[in-house]
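Student: I would like to go through this model term by term. For each label, please set the value against the rule.

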Amino acid sequence: MSFPGLGAATGLLAASILLLVAILVSTSHYYRRRWIEAADEHRNSRELIEHLSEGIYRSSIDGRQLSANRALVKLNGYQSEAEMLPAVRDIGGEWYVEPGRRDEFRRILHSQGHVEDFVSEIYRHKTRERIWISESARVVRHKRTGKPLYYEGSVREITETVKRLKLEEHYQKLISQIPGGLFQYCRGADGSFQVLYYSDGFHKLTGVPRGAEASDAGAFTKLILPEDLDGYYQSLRECHREFKYWDHEFRIRMPDGAEKWLRASAAPERVGNTIVWHGYASDISLRKRQEIKIKELAYFDPLTHLPNRRALLDRLGETLKRTQESGRRGALLFIDLDNFKSLNDSQGHDVGDAYLVQVAQRLSACVEDGDHVARIGGDEFVVCIDDAGATEAEAAQRADRTAEAVLRELARPHRMGAVEHQASASVGVVVFDGNEPRVDEVLKRADIAMYRAKASGRNAFAVFDPAATRREQDQFRLHADLRSAIAGDQLQLHFQPQVDHFGRIVSAEALLRWYHPVKGLITPDRFIPLAERSGLINDLGRVVLAKGLATLAGWQADPDTAHLRLSINISVKSFGNPDFVPHLRRLIDEHRVDASKLMLEFTEHVMAENQDATAERMHKLKELGICFSLDDFGTGYSSLAYLRQMPFDEVKIDGSFVADIETKENDRALVRTILAMADTLGLAAVAEHVETPQQEALLRTLGCRMFQGYLYAPSLPADEFLLRAKAMPSLGPAAEVLRRSA
Ligand code: C2E
Ligand code: MG
Ligand code: MG
């Protein structure tokens, strides 16, 4: 069956089907191509992502790892994504070192939709090693609902950068905190300096301005004090030449005017043909100030601000060296203030101190330019003249001039507040050249000379004299010997007869003799004055009194000699001793002697002492029957008034008048006067040092009745004296009698 309409419809249908099929086929081809293209693109992107050096991931909102590229797998310590994905269960808890870090990450992500460069410290997931990362991420949301589906993002390891930054921060902190300043200089082959680096601390320390000016080394060097600049360059040059560590101290003046002591040290490093100095500078002003203070304390007298002994010794050492080199002379004045101790004791130390300060000022003002004044002890000052002249004489003249100026200045009255002090000083002068042995020797010589000035009566200067020093040394040794002589019984009494006008030996003068084991006999002229100066006279006087009284007791025990009197010489110094009278009284009792036969001889010095006390003592002894004789009469201070007050029994006409009695009318007149005076005052008179019969004859005509001298006998040992005393006839003129008996 055929249907015309049906046929057309069927054809249309078929055509439509064919068209549809064609469309379907072509569409499917299109989509297939599109799909293939998309798959290719996807694979390409996957591969691109796989090979990126940054880690790329996708993670679930609840913290699981959905995907990770190779870089991220590696970052987490895994071999493959397949190994890693199941291992990561909770990114927040397992990955971040700081637990709250994931929450912070999510907070930013959700509020902003993305996070950029979020830096965290995390664990490398597999190895748990701590590393630093920086991540960026976004939230992927459902297109329609906007519901967050997952996160995707990138991760970059920045451990090295963080470490470097931390180190840098650490150093920056260190550099900013250390008290000094760091610097780097580069010294080019041409010798020029270039600043490579100044730390903040350096700018602060030195005041060198920051910026362009700082690269100019001159900005710093121009701060250095001109007087320290040479030393600065010299030390730098030396270290540079020897390529050695530089360490130098110098001063700078800061731009604000403040002065600072710096210590700079630097180590050199060769860089190409340049040398780079890596250094550090610090402020040592405090230490320097302390050093200066310490030096001041060590070298200066805090009261007068003059150099002290130590400083003087240093200076003198240099002066000696210079005189040695130049062949010229120097001089030293040793100044000791007279009676300083009594001012200090009576007026107090404040006045004493004020006086010392004035002395220091006057000395400094009166010495010549270039002379140095020092205070080397309580009241001891020194003036050192570096260059006193070319010759000994010239130098001595210059030193004398200064010594005179010093004495003149110090003798002017001093006023300390209400106290006026009339002072003086004793000055010892020594001139030296380069041949002088040592500094302390020079000082000692000046000291010795000063003592001589003092001994000469103060307010004087004396020049060091080696001969005088030798004499003093001899005296010193003699003094030591005398001390042992007193203890060792080397002292003996000899006796010189005194005869009356009948030629009878009626008495004897005890004269001391010292038999020194090495030097032999030493006469009293040499050791009595020494004993008086050194204070040994009391001990010595006691020896004489003991021996004298023992001898007198012996004479009195023998009827043949019981009439003899004994004269003993008494030093005024030992008579002034309060113990003298009781001591003599004890001896008299002990030896049971008739004290009326004892005569004490004083020289006229006794008149110069405290006459009242002397007279009182004499009167006390007089009560015991003791007699007194005034020795060497006519040579000293005797005044008739005193002579009358003191209970003398006898005067001894000094031997010097007797010596020339025959030739000099003056002496004769004097002897005559003395005899007349003695007669008037009821005193006996003895002529000393009678050596010739003519002298005796003349003395007799003048009225003298008692004689002593070599004409009769020198001083004799005790037994010899006794022989003579016993054998002596008792009539006729003395000389005649002696001649007959000889
Ligand atoms: P002096 O008391 O005037 O003693 C007389 C001195 O003259 C003695 O010297 C004696 O030896 C010496 N002489 C005696 N006859 C002559 C003479 O004819 N011509 C000359 N040129 N000289 C004569 P000596 O013994 O050396 O004593 C010197 C002085 O030492 C004494 O002078 C006396 O002041 C002192 N002295 C002696 N012995 C002692 C003593 O025991 N104690 C004290 N304190 N002083 C004493
Ligand atoms: Mg005498
Ligand atoms: Mg005499």
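Student: How much space lies in the second largest pocket, and what makes a space a pocket?

Tutor: The second largest pocket of this predicted model holds about 240 Å³. On a 1 Å grid over the protein atoms alone, a pocket is an open set of points with protein on both sides within 12 Å along at least five of seven lines; a cavity is a set where a 1.4 Å probe fits but cannot get out. The volume is the space filled by probe spheres set on the points, which are joined across faces, edges and corners.

Student: Which residues line the second largest pocket?

Tutor: It has 13 lining residues, and Arg46, Ile49, Ile56, Arg58 and Ser67 are the closest to its centre. A lining residue has an atom within 4 Å of a point. Two or more residues each come from helix 1 (4-51), strand 1 (55-60), strand 2 (65-68) and strand 5 (148-157). Helix 1 gives the largest share, 5 residues. Helices (H or I, at least four residues) and strands (E, at least two) are DSSP runs, numbered from the N terminus.

Student: What is the make-up of that lining by class?

Tutor: There are 4 nonpolar, 5 polar and 4 charged residues. Ala, Val, Leu, Ile, Met, Phe, Trp, Tyr, Cys and Pro count as nonpolar; Asp, Glu, Lys and Arg as charged; the others, Gly among them, as polar.

Student: What are the values for the largest pocket?

Tutor: Its space is about 1,200 Å³. It is lined by 41 residues, with Leu511, Pro524, Asp525, Asn569 and Asp631 nearest its centre. Strand 19 (505-516), helix 17 (524-534), helix 18 (537-557), helix 19 (572-575) and strand 23 (627-633) each give two or more residues to the lining. By class the lining has 16 nonpolar, 14 polar and 11 charged residues.

Student: Which atoms are the protein donors of the magnesium ion (ligand 2), and what makes an atom a donor?

Tutor: Donors are N, O and S atoms within 2.8 Å of the metal (3.2 Å for Na, K and Ca). Glu509 (OE), Asn569 (OD1), Glu601 (OE) and Asp631 (OD) lie 2.0 to 2.3 Å from the magnesium ion (ligand 2), so they qualify. Water is not among the atoms, so sites may look incomplete. Along the chain the donors follow the spacing E-x59-N-x31-E-x29-D.

Student: Why is the Glu509 and Asp631 pair said to tie parts together?

Tutor: Glu509 lies in strand 19 and Asp631 in strand 23, so the pair links parts that are 122 residues apart in sequence.

Student: How do you know whether Asp631 and Asp632 are buried or partly exposed?

Tutor: Buried means under 20% relative accessible area, exposed over 50%, partly exposed in between (1.4 Å probe, protein chains only). Asp631 has 5%, so it is buried. Asp632 has 26%, so it is partly exposed.

Student: Why is the pair of Tyr232 and Tyr233 called edge-to-face?

Tutor: Rings of Phe, Tyr and Trp (its six-membered ring) pair if their centres lie within 6.5 Å; planes under 30 degrees apart count as stacked, over 60 as edge-to-face and the rest as tilted. By this rule there are 24 aromatic pairs. Tyr232 and Tyr233 have ring centres 5.5 Å apart and planes at 70°, so the pair is edge-to-face. Tyr232 is buried at 3% relative accessibility, and Tyr233 is partly exposed at 33%.

Student: What makes Tyr232 and Phe250 an edge-to-face pair?

Tutor: Their values are 5.0 Å centre to centre and 70° between the planes. Tyr232 lies in helix 9 (residues 226-242) and Phe250 in strand 8 (residues 246-253), so the pair ties together parts 18 residues apart in sequence. Phe250 is buried, at 1%. One aromatic cluster includes Tyr232, Tyr233, Phe250 and Trp246.

Student: How do you know that a charge sits over a ring?

Tutor: NZ of Lys or CZ of Arg must be within 6 Å of the ring centre and within 35 degrees of the ring normal. Arg270 sits over the ring of Phe243, 4.1 Å from its centre. Lys288 lies over the face of Trp261, at 4.4 Å.

Student: What conventions apply to the numbering and the values?

Tutor: Residues are numbered from 1 along each chain as its sequence is written, while chains are lettered from A and ligands numbered from 1 in the order in which they are written. In this predicted model local features need pLDDT of at least 70, side-chain atom pairs count only at pLDDT 80 or more, and totals for chains, interfaces and linings use all residues; side-chain values use heavy atoms, with hydrogens and water left out.
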